[in-house]
Amino acid sequence: MASVEPISEAAAAADREKRRVAFTSLLAALVLTAIKLAVGLSTNSLGILSEAAHSGLDLVAAGVTLWAVRISSQPADPEHTYGHGKFENLSALFETLLLLGTCVWIVKESVSRLFFEEAVHVDATIWAFLVVIVSIMIDYGRSRALMRAARKHQSQALEADALHFSTDIWSSVVVLLGLFGVLLSERLAMPWLANADAVAALGVALLVIWVSIQLGRKSINDLLDRVPRDLREEVVAAAASVPGVEQVTQVRVRRSGPEVFTDVTLAVDRGAAFEGAHAIADRAEEAVRSVLPKADVVVHVEPIARDSEDASAAIRLLASRRGLGAHGIRIYEEGGKRSLELHLEVGASLSLDEAHRKATEFEHAVRDAMPDLKRIVTHLEPAGDQAATRHAEPTGAAEVRNAIRQFVENAGLDAHPHDIAVQMVDGELTVSFHCSLDAATAITDAHSYTEQLESYLRSRMPNLGRVVIHVEPIHTSKHLPRGPQ
C-alpha cells in the first residue's frame, strides 16, 4: 500500500485556517444569493437579478474553492509527486469559466432590454437599495478575509474567491447607481433614465469579464508552469553568486497551488572534492530561497573543467575516476610535441594482466583529453592501501643510521635526519624517518634530495623494502643537531 508523508503541525494549522475562511465565504455567498434573488424578482430589476446570478456564481465558486482547498492540502503521494496544489489552479480556472458564462447571459439580457424589447418596469424600492448596500458590506468583509488568507498561504483558490467578492463590490455600486437612475426617472419625469438598470447590468458584465480574463490568464499560466522571466533571472543571479559555482546551466521553476518547486543545475570545478561540491550545493540552495523563501529547491551539481586547470590536475582526476592514483607526473616538451611519464597506483590484489588493462584504459582516456601527446609511459605500482596492518619486528638500526650519516656528510647539505625507525616486515627492512632542511629549500630540490638518499640506502642494503622520508623545515624540528638521531 502506498504511503504518504505526514502533514506537519504548521501545515495542518494552515489547512484549518484556509478551510475555515472558505466555508465562511460559502455561507456568505448563500445568504447573498437568496436575498438578491428574492428582491430582484419582486422588483423586476435586471441589475439586482444579475447580481443574484453573480452571487449564485460566487456560491458555486465558494463550494469549488472549499473542495479545492481540502484536496490541495493533501501531501504528495506516489501518484502526485509534486503534491495536489494544481487542484487550486484548476478550481480558479473553473470559476473563470463560470464567470464568463454568466456574463454572456447578462449582456444578452441587457442588450435585449435596451434595443429590442419594450421597457420593463423596475420598482426601485427601499428593499432594493438595502439588499445592495448589505451586499457591499458583506462582500467587503469576505474579500478582505479571503485575500489576507490567500496571501498568507499563497493560495490561488482563495485568491480567486477573493476576486469574486471584490468584483461584487464594484458591480453592486454600479447596480446602486442604476437604481438611483430608475428612481430619478420616476421623480423627474425623465424616461430615458429608466434604462439605467439595464446599463448598470451591462456595466457589471463588462467588469466581470475583465476580471475573469485576468484570473483565467493567471490560472492557465500556473497550469502551464509559466513563470515571470524576471523571476528566473533572479534565481540564476542568486545561484551564480555562490562561491565555487562556475556556471548556472539550467533553472526550472513551477508552481503547484501554493507550493513552488525549483530545480537548479550548477557547474562546479571537477577537481572539487565531494564534500566541497555538496557544500556549494547547500549554499546555492540557501541563495535560491532568498528569492523564493518557501520553495522546494533541488540542486544538481555537474563537474566542469576550468580554463585554468593544469594538465597534472586533469591527469590525476582521470586516474581517480577509475579508482587509480597518479603521482610523479612529468610532461616533457620536445620539438613541439609532448610526452608523459607518471607513476600509476593500482590495487595490490590485481594480477599484472588486470592492472595493465586498467592502465591501458587510463592511457586511452588521457589521449582523448590530451590528443597532442606523442608518448605515454606509466609505471605501475601497488596502491598504498596494501600496507594496511602488517606484522613488524624491531631490528637493529645501526647499519641504517651509519648509511644515512655518510650520505649527509658526503652531500654537504645542512640536513638533520631524526626519528629513525627500522623494522623487519615480511623479510624486508622498512625504514621511515624525518629529515629537516632549510625552510627556504625549494620543494623540488627537497624531493630530489630524498630520492638520492633513498637510492643510496638501497645500494647499501639489498634487502631494503619500503622507505618513507618526511621532509620538514628546520624550525619545526626544534633545531636538532646534525646527523641521524
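Author: The expected span of a helix is 1.5 Å times one less than its number of residues. The model discussed here is predicted.

Reader: How far apart are the end C-alpha atoms of helix H11 (residues 398-411), and what span should its 14 residues have?

Author: Helix H11 has 14 residues, and at 1.5 Å a residue these should span 20 Å. The span found between the end C-alpha atoms agrees with that expectation, being 20 Å.

Reader: Which residues of H11 are buried, and which are exposed on the other side?

Author: A residue counts as buried under 20% relative accessible area and as exposed over 50%. By that rule Val400, Ala403, Ile404, Phe407 and Val408 of H11 are buried. Seen down the axis of H11, these buried residues fall within an arc of 130°, so they line one face of the helix. On the other side of H11, the exposed residues are Glu409 and Asn410.

Reader: Which residue follows H11, and what is its phi?

Author: The residue after H11 is Gly412. The phi of Gly412 is positive, near 70°.

Reader: At what angle do helix H7 (residues 229-240) and helix H8 (residues 274-291) pack, and how far apart are their axes?

Author: Two packed helices are described by the angle between their axes and the distance between the axes. For H7 and H8 the crossing is right-handed. The angle is about 145°, and the axes are 8 Å apart.

Reader: Is Leu59 buried, partly exposed or exposed, and which residues does Leu59 touch?

Author: Leu59 is found in helix H2 (residues 46-72). Because its relative accessibility is 23%, Leu59 counts as partly exposed. Leu59 and Ser25 are 34 residues apart in sequence, yet 8.2 Å apart in space, C-alpha to C-alpha. Leaving aside residues up to four places away in sequence, Leu59 touches Leu26, Ala29, Leu30 and Thr33.

Reader: What percentage of the residues of the protein count as buried?

Author: The protein has twelve helices and ten strands. Of its 485 residues, the part that counts as buried is 42%.

Terms used: Residues numbered from 1 in each chain as written. Predicted model: local features only at pLDDT ≥ 70, side-chain atom pairs only at ≥ 80, totals over all residues. Heavy atoms only, no water. Axes fitted to C-alpha atoms, helices over the stretch in contact; angles between N-to-C directions. Helix = DSSP H or I, 4+ residues; strand = E, 2+ residues; numbered from the N terminus. Left-handed = near helix turned anticlockwise from the far one by under 90°. Buried < 20%, exposed > 50% of the residue type's maximum accessible area, 1.4 Å probe, protein only. Arc of directions from axis to C-beta. Contact = heavy atoms within 4.5 Å.
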